[in-house]
Number of protein chains: 2
Amino acid sequence: MPNFRLDLCYDGSRYRGWQRLGDSDNTIQGKLEQVLGRMVGTPVEVIGSGRTDAGVHALGQVANFHAGTAMAPQEILTYLRRYLPEDIGVKEVMAVPERFHSRYNALEKVYRYRIFHSDAPCVFERKYVYPYPAALDLGKMEEAAAHLLGTHDFLAFSSLKRSKKSTVRTLREIRLEEVGQELQLTFTGDGFLYHMVRILVGTLLAAGEGTMAPSEIDEIFQTGRRAMAGVTVPAKGLCLMEVQYP
Amino acid sequence: MPNFRLDLCYDGSRYRGWQRLGDSDNTIQGKLEQVLGRMVGTPVEVIGSGRTDAGVHALGQVANFHAGTAMAPQEILTYLRRYLPEDIGVKEVMAVPERFHSRYNALEKVYRYRIFHSDAPCVFERKYVYPYPAALDLGKMEEAAAHLLGTHDFLAFSSLKRSKKSTVRTLREIRLEEVGQELQLTFTGDGFLYHMVRILVGTLLAAGEGTMAPSEIDEIFQTGRRAMAGVTVPAKGLCLMEVQYP
């Protein structure tokens, strides 16, 4: 059966996240399946590269679906752009080999967290940034980031209680950039656990504010205690930027 | 009585415009007067440099109000930031001479209209741009803009039926800029009539699409016929950028 890859962006503000929860729910996956199902006349399952939580945005989410349709990718694109709500955008539709699987084949993901580092108003960006005017020591944050890099069991940096599946992940890069009044934290890794990026950001902020020493991070990995890591920062500052494939 | 100048930005999406319409209405002026009235304990009248229509945004609106208060500008700023909704931002509060009047003293205004000139998705900017994927001849638009510049009776480029007040205005500059996938049109002039910027944009788009010759603009000025000018483009693409004072 033909397999199609979707490259998506969305404003997650009013959604309950990526993953379908019921029949006519307010999720990104649900909306896509609803429109595609109507398009092909039979139920369609959309596979995402991963779930994004309620309120999290995406500039480069990747998904795929199989459908017995003779429609060309360009026709599917036109149909989707016409019927999807305006806060879900389709950048591209591509015909891909039948075995392509957006989740299993994903090699790396890039997430960005935007901190509005000022007490000035940010009226137009308010749904996409976390306002955090407190003074931050960027050197300490860089130092803390270095302790987080590499392959670790990130269970303590997630909201998972316990997991039968492996919670070992590799964090390849954390980039801190000051862009105007924003501090942008960009994370690249082979996968991220539930709430992991938001807890990593909370932890880096604790280091930046001086309430946690960068070296404490090693202890968090050793003890696996969630309570030692930083808070889970708000969803709205987070955006899935890119998913990389072989 | 002390006089304070407010430098404001707002996302106009959910408002019925600047001008107060009733007692507890959804207008920018109404919201400001409500919060300031509570702050000083007596009714406050906020004077704006001009009205913005329903759905129009501002990055640099200027207003002023008189109030018998001993509060310092910084305290007023803090109070406003605390109690105003998050789509109205206060950039600065300044003590100004008692005679300062944000409307009478305004010399020039700068408005920008953002056209999203692509059929790609614009999920995050969707409330601030007008999607217009049709091909445009920018040379023709520049030519048409040249015909609009200068001092004219702009009645035909407004939604005013007729006016007892003068409808003569001076348009000093129209700048066309391609910024990524956007075409930004920036208008600088001593004042703008009701819907004037949006009709100027509609007229420039008609020139760019070839449905109107740039030279027809002279005829519109001569005949004063609204029907000959372009359509009124949507409010959401428009933003008041700046108000200049002596």
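**Close-up views of a predicted two-chain model**

**View 1. The annotated domain in chain A.** In an unreviewed UniProt entry, the annotation "domain: Pseudouridine synthase I TruA alpha/beta" covers residues 10-105 and 144-246 of chain A; UniProt positions follow the numbering used here, feature names are shortened, and annotations may be inferred rather than shown by experiment. This is a predicted model, in which local features need pLDDT of at least 70, side-chain atom pairs count only at pLDDT 80 or more, and totals for chains, interfaces and linings use all residues. Residues are numbered from 1 along each chain as its sequence is written, chains are lettered from A and ligands numbered from 1 in the order in which they are written, and side-chain values use heavy atoms, with hydrogens and water left out. Residues 144-246 of chain A are 26% helix and 30% strand, where helices (H or I, at least four residues) and strands (E, at least two) are DSSP runs numbered from the N terminus. The end C-alpha atoms of this segment are 30 Å apart.

**View 2. The annotated active-site residue, A:D53.** The "active site" annotation of the unreviewed UniProt entry covers A:D53, which is found in the loop between strand 2 (46-48) and strand 3 (57-66) of chain A. Beyond its neighbours within four places in sequence, A:D53 is in contact (heavy atoms within 4.5 Å) with A:G17, A:Y194, A:H195 and A:R198. A:D53 and A:R198 form a salt bridge, with the closest N and O atoms 3.5 Å apart. A:R198 belongs to helix 4 (residues 196-209) of chain A, so the pair ties together parts that are 145 residues apart in sequence. A salt bridge here is a side-chain nitrogen of Lys or Arg within 4 Å of a carboxyl oxygen of Asp or Glu.

**View 3. The interface between chain B and chain A.** Contacts involve 21 residues of chain B and 21 residues of chain A. About 1,700 Å² is buried between the chains, 60% of it from carbon and sulfur atoms; buried area is the accessible area (1.4 Å probe) that two parts lose on being put together, summed over both. There are 6 salt bridges between chain B and chain A. B:R126 forms a salt bridge with A:E86, the closest N and O atoms being 3.7 Å apart. On the side of chain B that touches chain A, the elements giving two or more residues are strand 1 (3-10), strand 3 (57-66) and strand 4 (88-96) of chain B. Strand 4 of chain B gives the largest share, 4 residues.

**View 4. The two chains superposed.** A rotation of 180° with 0.0 Å of shift along its axis superposes chain B on chain A (RMSD 0.0 Å), by least squares on the C-alpha atoms of residues with pLDDT of at least 70 in both. That is the relation of a two-fold axis.
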